[in-house]
Amino acid sequence: MMDDEYYMQHALKEAQKAFKEGEVPVGAVVVVAGKIIARGHNQVEQLNDPTAHAEIIALTSAFNYLGAKYLPDAIVYVTVEPCLMCAGALYWSKVARIVWGADDDKNGHARLTGQHSPFHPKATITKGVLADECAELMKSFFRQRR
């Protein structure tokens with residue numbers, strides 16, 4: 001049986017791609033009915049686009065794959081807590097569930113939203129899946145930059 005850790009491992013693989021490309025190492029996958037239908041990793045530098053976050057790229061791929069503008073049966077796995085922009089995209093996508101690994105005290109949505117959830121009211125949230133692995137990849141990336 002595939003579980004949250006299984007899918008988060010796939011999101012981590014996407015984050016590792018970003019790391020190798022010199023991007024902030026965030027990865028995401030979109031799962032529907034137990035199948036990964038879309039993947040994404042940060043491509044901000046490559047595309048010269050501050051909106052090219054892993055979640056946005058994965059969501060766009062999922063919309064195209066399904067030919068739909070909403071993902072009410074989808075679970076999005078992302079290695080790091082979504083920023084406010086990505087939280088908005090997840091809200092409008094109407095995803096069923098959002099799962100992330102590491103919290104992001106500096107750039108995560110909670111820094112601005114506090115106790116108020118920016119996600120769709122029907123969405124469920126799971127935090128901390130493979131949090132140590134996700135956080136270590138980010139720390140390693142920024143250690144290299146210093």
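These legends go with several close-up views of a predicted model.

**View 1. Helix 6 and its buried side.**
Let's start with helix 6, which runs through residues 131–145. How far apart should its ends be? At 1.5 Å a residue, its 15 residues should span 21 Å, and the end C-alpha atoms are 22 Å apart, which agrees. The buried residues of this helix are C134, L137, M138 and F141. They cover an arc of only 90 degrees around the axis, so they lie on the same side of helix 6.

**View 2. What covers helix 6.**
Which elements cover the buried residues of helix 6? Among them are helix 1 (4–20), strand 3 (74–80) and strand 4 (97–102).

**View 3. Aromatic rings in pairs.**
The structure holds 6 aromatic pairs. One of them joins Y6 and Y7, edge-to-face, with 5.0 Å from centre to centre and 85 degrees between the planes. Is each of these two residues buried or partly exposed? Y6 has a relative accessible area of 36%, so Y6 is partly exposed. Y7 has a relative accessibility of 6%, so Y7 counts as buried. Together with Y77, Y6 and Y7 form one aromatic cluster.

**View 4. A ring pair between two helices.**
Here F19 and F141 form another edge-to-face aromatic pair, 5.7 Å centre to centre and with 70 degrees between the planes. F19 belongs to helix 1 and F141 to helix 6, so the pair ties together parts that are 122 residues apart in sequence. Both F19 and F141 are buried.

**View 5. A charge over a ring.**
Find Y70 and look for the charged end of K94. That end sits over the ring of Y70, 4.1 Å from the ring's centre.

**View 6. N42 in its loop.**
N42 is found in the loop between strand 2 (35–41) and helix 2 (44–47). Is N42 buried or exposed? Its relative accessibility is 8%, so N42 counts as buried. Which backbone atoms does its side chain reach? One is the backbone oxygen of V24, at 3.1 Å, and another is the backbone nitrogen of A54, at 2.8 Å. Leaving aside residues up to four places away in sequence, N42 touches A18, E23, V24, V26, A52, H53 and A54.

Conventions:
Residues are numbered from 1 along each chain as its sequence is written. This is a predicted model: local features need pLDDT of at least 70, side-chain atom pairs count only at pLDDT 80 or more; totals for chains, interfaces and linings use all residues. Side-chain values use heavy atoms; hydrogens and water are left out. Helices (H or I, at least four residues) and strands (E, at least two) are DSSP runs, numbered from the N terminus. The expected span of a helix is 1.5 Å times one less than its number of residues. Buried means under 20% relative accessible area, exposed over 50%, partly exposed in between (1.4 Å probe, protein chains only). The arc is that of the directions from the helix axis to the C-beta atoms. Contact means heavy atoms within 4.5 Å. Rings of Phe, Tyr and Trp (its six-membered ring) pair if their centres lie within 6.5 Å; planes under 30 degrees apart count as stacked, over 60 as edge-to-face and the rest as tilted. A charge sits over a ring if NZ of Lys or CZ of Arg is within 6 Å of the ring centre and within 35 degrees of the ring normal. A polar contact is a pair of N or O atoms within 3.5 Å; within protein, one must be able to donate a hydrogen and the other to accept it, and residues adjacent in sequence count only if both atoms are side-chain atoms.
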